[in-house]
Amino acid sequence: QVQLVESGGGLVQAGGSLRLSCAASGRIFSIDTMGWYRQAPGKQRKLVASITSGGNTNYADSVKGRFTVSRDNAKNTVYLRMNSLKPEDTAVYYCNADMRAVGGVYRNYWGQGTQVTVSS
């Protein structure tokens, strides 16, 4: 079974940094775009950053210059480095990826989410 597992969330003070990791596992044939979304209480889930298999990146305006998305294709892992964190970055962060399992077709997958809390 193909799945995504996140790690690295937690509590940090404003101005601090965190790094999130998301590893894809299972019988994976290939992975296309990987990315991170976040959902704050009472709000819609929104894209934070994404990265294609070729390394092209896309960021939400609110995180440009502070967050960096990267991936290690050999490890099927995507990372999100978050610097200069603000209280408004507080949310559950979800990993997302378009993956093709062995013998299957491309599907969109979600991780279970990891909480990031930034205190003022």
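Visitor: Which residue does Asp61 meet in a salt bridge?
Guide: In this predicted model, a salt bridge needs a side-chain nitrogen of Lys or Arg within 4 Å of a carboxyl oxygen of Asp or Glu. For Asp61, the N to O distance in its salt bridge is 3.1 Å. The partner is Lys64.

Visitor: Is Asp61 buried or exposed?
Guide: Exposed means over 50% relative accessible area. The relative accessibility of Asp61 is 66%, so the residue counts as exposed.

Visitor: How many residues apart in sequence are the parts that Arg66 and Asp89 tie together?
Guide: The side chains of Arg66 and Asp89 form a salt bridge, with the closest N and O atoms 2.8 Å apart. Arg66 lies in the loop between β6 (57-59) and β7 (67-72), and Asp89 in the loop between β8 and β9, so the pair ties together parts that are apart in sequence by 23 residues.

Visitor: In which strand does Arg38 lie?
Guide: Arg38 meets Asp89 in a salt bridge at 2.9 Å, N to O. Asp89 is in the loop between β8 (77-82) and β9 (91-101), so this pair ties together parts 51 residues apart in sequence. Arg38 itself lies in residues 28-39, which is strand β4.

Visitor: Are Arg66 and Asp89 buried or exposed?
Guide: The cut-off for buried is under 20% relative accessible area. Arg38 falls in that class, as does Asp89. Arg66 and Asp89 are both buried.

Visitor: Which residues are linked in a network of salt bridges?
Guide: The structure holds three salt bridges. Asp89 pairs with Arg38, and Asp89 also pairs with Arg66. The network therefore links, by the salt-bridge criterion, Arg38, Arg66 and Asp89.

Key
Residues are numbered from 1 along each chain as its sequence is written. This is a predicted model: local features need pLDDT of at least 70, side-chain atom pairs count only at pLDDT 80 or more; totals for chains, interfaces and linings use all residues. Side-chain values use heavy atoms; hydrogens and water are left out. Helices (H or I, at least four residues) and strands (E, at least two) are DSSP runs, numbered from the N terminus. Buried means under 20% relative accessible area, exposed over 50%, partly exposed in between (1.4 Å probe, protein chains only).
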